[in-house]
Structures are given as C-alpha cells and as structure tokens.
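Look over the sequence and the structure first.

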Amino acid sequence: MTIVDIVKTALRYVPDVLLPGVTPVPFKKKHGRIGEPLSRIDGALKVRGQARFAAEVPMDGLLYAALVHSTIPRGRIATIDTSAAEVAPGVALVMTYRNAPKMKAPQAFLEGSGVAGSNLPVMQDDTIHWNGEAVAVVLAETQEQADQATSLVSVTYSTDVAVTSFDLAKQRARHPDTVLGEAAVVKSGDVEKALVAARHRVDEVYQTPRYSHNAIELHVATVRWDGDTLVLHDATQMVNGTASTVADVFGIKAEHVRVVSPFVGGGFGGKTLWSHQILAAAAAKVAQRPVKLVLSREAVYRLVGGRTLTEQRVALGANEDGTLAALIHTGIAATTAHNSCPEQFTFPARHLYAASNFRLEQKIAEMDMVANTFMRAPGESVGTFALECAIDELSERMIIDPIELRRRLEPTKDPTSGHAFSSRHLSKAYIDGAAKFGWSKRCVQPCAQRDGEWLIGMGVATATYPYYRMPGVRARIRLDAKGHATIATAGHEMGMGTATVQVQHAADRLGLPLDQVTFKYGDSALPAGAMAGGSAQTASTLAAVAAAVEALMSKMLKLAGNDSPLAGLKVADVVARDGGLSHARDTGRFETYVSILARAKRDLVEAEEAGPPPLEFMKYSMHSYGAQFAEVGVNAVTGEVRVRRMLGSFDCGRILNPKTATSQFRGGIIMGIGLALTEETLFDERTGRIMNPSLAEYHVPVHLDVPEIDVIWTDIPDPHSPLGARGIGEIGITGIGAAIANAVHNATGVRVRSLPITLDKILPHILEHSLSTAEGLR
Amino acid sequence: MREFSYSRAADTAQAIQFADSRPDAKFLGGGTNLVDLMRENIERPSALIDVTAVARSISPTADGGLLIGASVTNTQLATDRRVREQYPVLSRAILAGASGQIRNMATVGGNILQRTRCHYFYDDTAACNKRHLGTGCDALDGVNRMHAILGASPSCAATHPSDMCVALVALDAIVHIEGSDGKRTLGIASLHRLPGANPQHETELRIGELITAIELPRLPFARSSNYRKVRDRASYAFALISVGAALDVSGDGMVRDVRLALGGVAHKPWRASKAEEVLRGRVANENNFRAAAEAELTDAVALRDNGFKIELTKRTMTAVLLDLAESAR
C-alpha cells in the first residue's frame, strides 16, 4: 500500500460533513449561464490574430536562438568546435556546456514540487543522455542567422553502449516505486488459477507505439532578465510549477521568476518544462540580452517527450453467466532513468470491472531516449485499448453482445479500492449511445457487411478517466465601484475554453452579467492556480472561485452594515442576483454591489481564497465514463481503414458549456483516431534516433480521416464535485483505439493487437476477400 | 539554411545562361521540396535560378497531344479541362499528391525532380549514399516500410515520391530539355535512374540542363485511365504504393492495349512493362490481371518492413484494371 492508499482507506470511514471538499459549496442559481453553449470569449481575438502568443512577444534587443542536437544516444562530447559559428554573421553567442552558467538540475514531476519532464542537468557537462539532446545554443540577430550558424558547429563524440532496444530494456524491467502515487501491483486471489479454471478465456498481448506531441503551436520561450528577476513568456500548462522549478534551477527565489502564458496553442501534456526554457534563460543570462527560442518542429520531437511505447497483457477468465473469475492486466512501458512517468495503463482495469480475482501490475523498462511524458489521457488512452479489445474478444468467444457483457461486469463499488462511486452512469451512456448510433444494426458475425470494396464493421469500447482536483488552488476576486468583477488565478487557456467557463460560473455566482466579469489567468504573478493537467483545471478553479465568492460576500455583508436591507444577514442567508445580494427568500431585501460600495465609500472590495482540500476523490471513487462507438470501412483490396462515423456518449457529470465541451470531446476522439490508425513515432533502435520528426512523415489525422462525430452526454451532476462537473479534456481519446480495433474486427474478422492499425497488419489476413463485386470479370 | 544568391530568369535562354555561370546553382520552381531540403541542409546550392516565369502554358501539339510548360503549376495542370478529359490518370495522380496549398505552388518541372522522402536521406546524421557516396545506407537495415521493392541496390532503397510522374510514365510523356549544348528530348521512363552504385545521380539530366516542357503524346484510350494511391492516411501522405493505368478493351473483351505504371515501389516511377506484355491480346479478366501483376512483381525483394508492398501492389494493380475493364463494358 502506498501512503495515498492508506489515506484513502481511512477516509472511507469519515462522514462527508467532516471532510472539506467532499460536499461542494452549494450553487443556488437555477437558471444562470452555466450550461449555456457560449462561444469562447477569446474566439474573436484569435480569429483577428490579436491573441498574443509567447513567440510573438516583442522585446528590445531580442536575440534569436537555434539549437544543435546530439547525434548519439549515450556517451560524451569528445570535441566541440564553435569557432566558425561564433564568427558567422549576426552571431552573438554560442553556448555549450563549457560556457553555460552553473545550474542545478531541475526537479522532475513527482519530485518535490518540480514540473520538469526530466531531472537531467541541462548543458552542465559533456555527457550525452539521449539522441537529440541539445549540445549547443546559437544566439544571433535574426532567426535565419542563428539557424545557419548551427550548421557551423562541429561536434565529435565518444560513444558509450546505449539501451535503445525495447526488447533489451524489457529484460531489466522493474516495478516503479509508485504509479502516480498508486501501487504498481494490485492483486486479489489466485488469479492465474482462476484463469485456468475459467469457462471462457482470453489471454492476449497488446502493443502500443511511441507517439509524439504535435500541438499546432511550437514550444517557445521568450525570456528577459531584469536584474535578478527572470521574465519567461512561455507556452505552458503550468505557470506556477514552471516558475518555482526554474527558480530552483537558477538558485533564485520563486517570486523572482515570472512566467507569463496567456494563450497556448494546444498543450495535451507536452507543454510543460523541458530543457528549452532553461537553455533560453541561461543563454539570455550569458548574453545579457533577451532571447527568443522557438523550437523547430524537429526540435519538439527531439527535446520534448511523447507517449511511450507499451506492451500489455490482458487475460480474462469468465464464468458462464458472464461475470469475471479472473482479470489480469499487466505490462511494461519504456521510460528513462530521469523521470517518473510509467504510463498508467492499468488504471482503467482498477475501476471498470468486477472480478473475483485480479492482478494489475505495471513495470517500467529504462531506455536511453528523450524522457517520455504525459499525452492526453496518459495510461487510460492505451490502457483502454488493451483492456477494451480483450473485453470485445471475450464477448466474441461467449457469443454475447459486448455491451451486454459490460453490463454484467458492472461493479457495485470500486473493484480495487472498495470505495463507493460518487456518480457512475456508464450503463446509461451505453444505452443512450447505442440507441443514437444504431448499434442494433451491427452484424454479430464479422465480414457480414460490404459496401463495394469496403468491408463495414462497428465497434464499441468503454472510455474512462479519473476525476482529480488540485490542492492549493487560489482565486482572487476584485469587485470595483462600477460593479465589475475581476477573477484572478494562475490558470491556463490552451484553447479548451477555460476563461469562458470560468466567466460563466463567476457571473452566475456573483449575480452579474457576463460582460461585468473578467477572468485573468496565465501569469505566475497571480494567485496560485491550477495546472492544466489531469482534466482537473476547471473543477479545481471552480472550487477556488466558489470559496473566494463566499469570502467576498462575507466582506460585502459587513460593508453593507446596519443601514442596508441586508443588515444582519449571513452568507448562508443570501443569494447573488442582478448585480447585488438578496435575501434568499425575502427577495425585497436586496442591495446592489455598486450601492454597497458607494455607501461605504470604497473603490473596490477584494477577497482571495483557496478551494478546500480535495478530499472528495480520496473518499469516493470518482471517475468519468463513456461509451465510444465507431463504424469503419476496411478496403478489401488494400486493407486501408477509414472511419465512417463515430459517436461518443459520455458520463462526465454536469456539462458546463455544451459548445466548448463538444469541441473537447470531439478533439479527443480525433486524437484517438490518430492513436488508433495513423500516428507512430519511428524510432531507430540502432541509434535511438527519431526518424520522422515532421508533420509530413508523422501522420496526425487530416480532415479526410475524420468523419462525422456525434457527441452526447448524460449530464447527471456529480454530488461531490464543484458544480457537479468532472473533467472532460482527456476522456475523449480513451476507448477510441479499442472501438476502432473492434470495428475493424467486426468488418474483417481480423484482430489487430498492435497500434497503429496500418494496412500491412490487416492485408495478409483478408486475402480471401474478392477484389471486386464485378462477377463477370472473374 | 546557408546563404545563396537568387536570380529570376526572364526566359529559358537566360535561365540556362545563369546556370552555366554557376555550376552548383539549382533551378527553383515552387520551392516546395527544394527549399525544405535547403532548410535541412541537405541541398546546399550557392545560387537559385527562379524559372517560374518561364514556360507557364499548356498548348495542343500538332499530333493531338499536349505540350505542358515546365513551370505550369500542379493545380493548373490537374484542373485543365483537356487533361481531365483526355488524360484523367494525370489529373487524378496530381490531385492525390500533397495538399491544395502545395499544389498551387509546385511546378511540373519541380515535381519531376523532387527528391526521395527516405528518412535517412532527410537526416544528415545518417549514412546515406545519396547524400555522401560511400557512407553506406542506413535504410537497408533500418526503418524501411516506405522503401523500394523493385530495382533497389545494396547502395540505396529509396523510392521516388511523385504521384504525377507515375501518370506521366504510363502516358509515355516526352521530356523537353534545354542546355547550353542545345535542346533534346527524352522519354520520361528514361529520365529517372535506378540507384545502382551511384544513387546520388537520380536523373539523366546533365549539369545546367533545364526541363522546359513535358509533351503528352496523343493516346485516345487514356480517356479510360485511372490513378489509385494507397497510403496511411486519407490525404497528405506519400504513397505506400500507387498504380497509374490506361486500358483499351475491344468489343469482345480482349485487351487491345494497356499502360501500367507504379509509384512507391522503386527509385524511379516504374513502368510495368512485363505486366503490359502479359496482358496485350489476352482476355480482360481478373485472372489475367492478377497474372500480369504477378509477372511484374516476380523480381520484387522485400526489406525488413516493406514486404507487404508486394502483395499490396499486385492487388491494387488488379483492382485498378478491373475497374477500368468494368467501366469499359
């Protein structure tokens, strides 16, 4: 048991009322803006090109940076000759380990409060840790001059033996200390024995490849030192964590690093702290001028980790009635010695299905490569591929509809923790989704439906993602004499609609129209905010804002004093409406904020609060769920797979903004199509080098790959989360790999257990299908 | 990217004159491949001669074919009514390639001379005989799912990436070339070379020679032609394999004539002459189409990752011919 497990178990016996966070601040508003399909408030800015991204921040005397990357996976720099580059036109500095400032190694995720992708020191000595590591930074007056000068840096290496083969690494696989705080092994009963004895069995190995981050906005750092203070314009999902981690690297106080990141062009887990921000700041320090470092697309592949490869075994042993006697989900993920990111692929199996005996176990295999990292639903994305394919295989063996099988496996309490579910309506998601998608039209037998050259099939899989809420998130509300509220917290807008939803919420909670509320975020100088990760930013921020509003109301009531119609009322007695506060029942007792402030002769009132500690998901099993439906066509001639339509039916608590939510779900599903069919980072196991570092050769889905995607949801509020909402950013990608793989099987009878499902994995198994329906020509 | 000089040629003569004075100059069309390669330091010309102002028209020839200026854009060519009606294989091949934006920039001449997408050619840390003869070929034992199954050598297994050229080869297009020594023509199938021991030499063009035009000979049965590209995503991906074909079937169902070319299988756009030979005079049916494909792929050799291409090519050839035969009935 990990410490987290012990705390969770203890909390099970504590009543809700004694636990902060478990019962969210009540929300009295019945007919507000929450739940409305509002367009994004930053939409117009972005369409007009007025949203200023980190690469667009102007600075006087700015130098442009370009990088030289290592070409070996492990060893030492034998010689590095920068003389030609140093005298090239426009070059101001060539920084290598020889002249880089002394810096501490950054703390990686799960080390203290660090948020770096890896804890390797950055450019401190001649050691090479992976193929592609930065070995020199060139600063020049223009980007072109910097780029050109990188080709003049010549480096030779002495090579050490590197582990760049997964097969080799697997031989030394071991349990990680924890899997994001949870135990690496969770087991109950003698599962292998139960498996052997089971009436129906599935026991298969599933493989998923490396995937690289390809946010449309490249990673960037535009930096300036003001004396001992560093200003870092970053594209990041975590301004606070970046500020404190970078401060530690440079040995300065956290408040001496200001990280600004008001707009981020896609994050997906990749926009965290990597070596480039540190290199830019270090180079700016040496050059004593501001620096802009925009990674090239290739540099993103080389310096920023992606989703790691996994090999997973899923074994299911079922009784005649469809219940599980045995559930095994084990496997290995490649990782490095410099990070703790074990790709939690067994997490879905910890919460989805009831089984009498189970063994859920994760190992890691260390390789010499760029540190792997989080990518949209790390773990759950590829974990559901293996688990949900296996469930489909079991349903085929048992000759039972896969949705019906899942209904029979539905647990009454969390199968591994024993906690009660806070809110779980997966069965409803399935029922609604099946009806809307037309699941009943699916042919049970594979290969039964054909449309010209195309073999048609349907597949389904469960989506799931945990509910998290971050501790320590603070919000400040400033209400001015005109009745305008400004909410401030160091959150993030990566295109998902953070600011829009927070404005909706704050407007409702304060009883203000939308245009009387401003949301400030994306700046580490603001009160500590939620990082945009774990699909947790919205709920975490909501809780902080709710607490801050309570505090503000309390101050307002005090200010209102004895001359107000509100005299003597406490926060619990009032509601906010029409720009002021009102007695909850005696609606005649009302005064506007403007009036209260005017009478008190105050310019503004301000309150800052943190949300309560997030004990709700320690006490309850809190997860989002969904049913993902896919219809695919597989070309009988070539084996090409094209998705024809998709539907996601989600159970994510209350949906706060149907418009931004639909985009989030749909975006996740599209990314899932890439995961299932097209994307793969090609890694040369001889050299540890990524061979397709470009959008031309790394295939994200293009418009033609993306069909009509329908999205529906249960909209059942979770009683234990702020506003009843659970995160929605990541669940969309989960289950998609399996839904598509299961549809491919339904279309062709072929089980592809290795992603991506490219035609070469199908073609050898469909040769019996005729090329043409033109009988006369055969 | 290194520094280079840029000049814009007003006409062919000036372009050739510029090239003559700068032996390491490169002609610049739309730049959609060359400029990328310069950014990667793979191409390092000291001078670029922009020829996009030269030869921008499509005109009929005396024998009923078309003469296409080398600087005609891919979009212009693909959407030309005469091309779409008389040579649909060409229009479809072009539209199967790249993206709308790239096709708007890319020229016919540049498309013909675009370079391979081999991962190791693009990575200047890798061994590549094409970039540096004698360094070896990292693709042979490396990531080679996209690589050649026909005509490869121990020096190089790269493929030619063009879709358009596959159609041109099927149509027996004639390449018009001009240099300081005068004008000459070459059948397009003879323009590109197999890698052999010298994969750095990709075409029969001599230093300073400029492709000025492509001539499509009259070929009435090319109205019944098609291009099929098989790839890993539905758009904006290079061909795993592709097939360009034109089929002439007589009233009694015999193959009078056939043109077949393959993309994604070799260092050059591959004319499937063996398959054509098998088919001429035979009944147009699936068995014979398959037999022809088998004949063409007899010498195919698979590397670690690309063995699937052999069967894929056979099936796609057969399916394309079946489609054409069916629409001819």
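A crossing of two helices is called right-handed if the near helix is turned clockwise from the far one by less than a right angle, and left-handed if anticlockwise. The model described here is predicted. In it, α11(A) and α19(A) cross in the right-handed sense.

**The helix pair**
- Helix α11 (residues 380-398) of chain A and helix α19 (residues 736-748) of chain A have axes that come within 7 Å and cross at roughly 35°.
- On the α11(A) side, the contact is made by Val382(A), Thr384(A), Phe385(A), Glu388(A), Cys389(A) and Asp392(A).
- These meet Gly737(A), Ala738(A), Ala741(A) and Asn742(A) of α19(A).
- The contact of α11(A) with α19(A) has 5 nonpolar, 3 polar and 2 charged residues.

**The sheet**
- Five strands of chain A form an open sheet with mixed pairing, in the order β16-β17-β25-β26-β29.
- The edges are β16 (449-451) and β29 (708-713) of chain A; each has a single partner strand, so one side of each lacks a neighbour in the sheet.
- On average, neighbouring strands of this sheet are turned by 30° against each other, direction ignored.
- β16(A) runs antiparallel to strand β17 (residues 454-466) of chain A, and 3 bridges join them.
- Asp451(A) has Trp454(A) in β17(A) as its bridge partner.
- α19(A) packs on the sheet, where it touches β17, β25 (623-635) and β26 (641-651) of chain A.
- The direction of α19(A) makes about 155° with that of β17(A).

**The contact between chains**
- Chain A has 29 residues in contact with 28 residues of chain B.
- Helix α4 (residues 143-150) of chain A gives the largest share of the chain A side, 3 residues.
- By class, that side has 10 nonpolar, 9 polar and 10 charged residues.

Technical notes:
Residues are numbered from 1 along each chain as its sequence is written. Chains are lettered from A and ligands numbered from 1 in the order in which they are written. This is a predicted model: local features need pLDDT of at least 70, side-chain atom pairs count only at pLDDT 80 or more; totals for chains, interfaces and linings use all residues. Axes are lines fitted to C-alpha atoms, for helices over the stretch in contact, and angles run from 0 to 180 degrees between N-to-C directions. Helices (H or I, at least four residues) and strands (E, at least two) are DSSP runs, numbered from the N terminus. Two residues are in contact if their C-beta atoms, placed from the backbone, lie within 7 Å. Ala, Val, Leu, Ile, Met, Phe, Trp, Tyr, Cys and Pro count as nonpolar, Asp, Glu, Lys and Arg as charged, and the others, Gly among them, as polar. Two strands pair if DSSP finds at least two bridges between them.
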